[in-house]
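Please read the following note with the sequence and the structure open beside it. Each numbered point may be checked against the display.

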Amino acid sequence: MSLSPFHLAIPVYDVALARAFYNDVFGLEEGRSSEQWVDFNFFGHQLVIHEQPKTPGQESAHTNPVDGHNVPVPHFGVILQWDEWEALAERLKARDTQFVIEPYVRFKGEVGEQATMFLLDPCGNALEFKAFKDMSQVFAK
């Protein structure tokens, strides 16, 4: 299956702080930018941070229960290959990252078994990184 890159623009109340986070934590390559926004190559997709005053959702995220954890809503992220996910999880742990949901394997032994982890950027945007043991099960029921 060939995928087209997505474009996602998210609000940040401090462009410099968010820029440093996406550069330092993930090593993302920057594209075009201005004082109010920055394009990033987010694992092959276009992520844009846009300056916006702090919103109530960035102060405290809503959550829904999934597999015994409180998953922040809204959130976004990317599905990585299993070994890439493991390497990212180790890198984030080595940086003493504060996770919303620590890296773990969800639905172990079931259809859709996946590794997942959640964290917040410095402006309160929730990110999920996941990997599937069997990529053909990304949309399996």
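1. Annotated span. The UniProt record, an unreviewed entry, carries the annotation "domain: VOC" for residues 4-132. In the predicted model, this span is 21% helix and 47% strand, and its end C-alpha atoms lie 19 Å apart.

2. Which residues of helix H1 are buried? In H1, which covers residues 15-24, they are Val15, Ala18, Phe21 and Tyr22. These residues lie on the same side of H1, because they cover an arc of only 130 degrees around the axis. On the other side of H1, Ala16 and Asp24 are exposed.

3. What the buried side of H1 meets. The buried residues of H1 pack against several strands, among them S1 (7-12), S3 (37-42) and S4 (45-51). Strands S7 (75-79), S9 (114-120) and S10 (126-132) are also packed against by these residues.

4. The start of H1. A further detail is found at the beginning of this helix, where Asp14 places a side-chain oxygen within 3.2 Å of the backbone nitrogen of Ala16. Ala16 is also one of the exposed residues of H1.

5. Side chains of opposite charge can pair when their charged atoms come close. Five salt bridges are found in a search of the whole structure. One of them joins the side chains of Arg19 and Glu30, with an N to O distance of 2.9 Å. This pair links distant parts of the chain, since Arg19 belongs to helix H1 and Glu30 to strand S2 (residues 29-33), 11 residues apart. With a relative accessible area of 26%, Arg19 is partly exposed. Glu30 also counts as partly exposed, at 29% relative accessibility.

6. A salt bridge between a buried and an exposed residue. Asp39 and Arg32 form a salt bridge in which the closest N and O atoms are 3.4 Å apart. Is Asp39 buried or exposed? Asp39 counts as buried, because its relative accessibility is 8% and the limit for a buried residue is under 20%. Arg32, by contrast, is exposed, with a relative accessible area of 57%.

7. In the pair formed by Lys93 and Glu90, the closest N and O atoms are 3.5 Å apart. Both residues lie in helix H3 (residues 82-94), where they are three residues apart, about one turn of the helix. Lys93 is partly exposed at 38% relative accessibility, and Glu90 is partly exposed with a relative accessible area of 49%.

8. Aromatic pairs. How many aromatic pairs does the count give? The count comes to 10. In one of these pairs, Phe21 and Phe26 have ring centres 5.5 Å apart and planes at 85 degrees, so the arrangement is edge-to-face. Both Phe21 and Phe26 are buried. Trp82 and Trp85 form a tilted pair, with 6.4 Å from centre to centre and 40 degrees between the planes. These two residues are three residues apart in helix H3, and therefore about one helical turn separates them. Trp82 counts as buried at 16% relative accessibility, as does Trp85 at 6%.

9. The ring cluster. Ring pairs also link residues into a cluster that includes Phe21, Tyr22, Phe26 and Phe40. Phe42, Phe43, Phe76 and Phe129 belong to this cluster as well.

10. A proline in a loop. Pro53 lies in the loop between S4 and helix H2 (56-59). Its relative accessibility is 65%, so Pro53 counts as exposed. Leaving aside residues up to four places away in sequence, Pro53 touches Tyr13 and Gln58. The C-alpha atoms of Pro53 and Phe26 are separated by 24 Å, and the two residues are 27 residues apart along the chain.

Definitions and conventions: Residues are numbered from 1 along each chain as its sequence is written. This is a predicted model: local features need pLDDT of at least 70, side-chain atom pairs count only at pLDDT 80 or more; totals for chains, interfaces and linings use all residues. Side-chain values use heavy atoms; hydrogens and water are left out. Buried means under 20% relative accessible area, exposed over 50%, partly exposed in between (1.4 Å probe, protein chains only). Helices (H or I, at least four residues) and strands (E, at least two) are DSSP runs, numbered from the N terminus. The arc is that of the directions from the helix axis to the C-beta atoms. Contact means heavy atoms within 4.5 Å. A polar contact is a pair of N or O atoms within 3.5 Å; within protein, one must be able to donate a hydrogen and the other to accept it, and residues adjacent in sequence count only if both atoms are side-chain atoms. A salt bridge is a side-chain nitrogen of Lys or Arg within 4 Å of a carboxyl oxygen of Asp or Glu. UniProt positions are given in the numbering used here, feature names are shortened, and annotations may be inferred rather than shown by experiment. Rings of Phe, Tyr and Trp (its six-membered ring) pair if their centres lie within 6.5 Å; planes under 30 degrees apart count as stacked, over 60 as edge-to-face and the rest as tilted.
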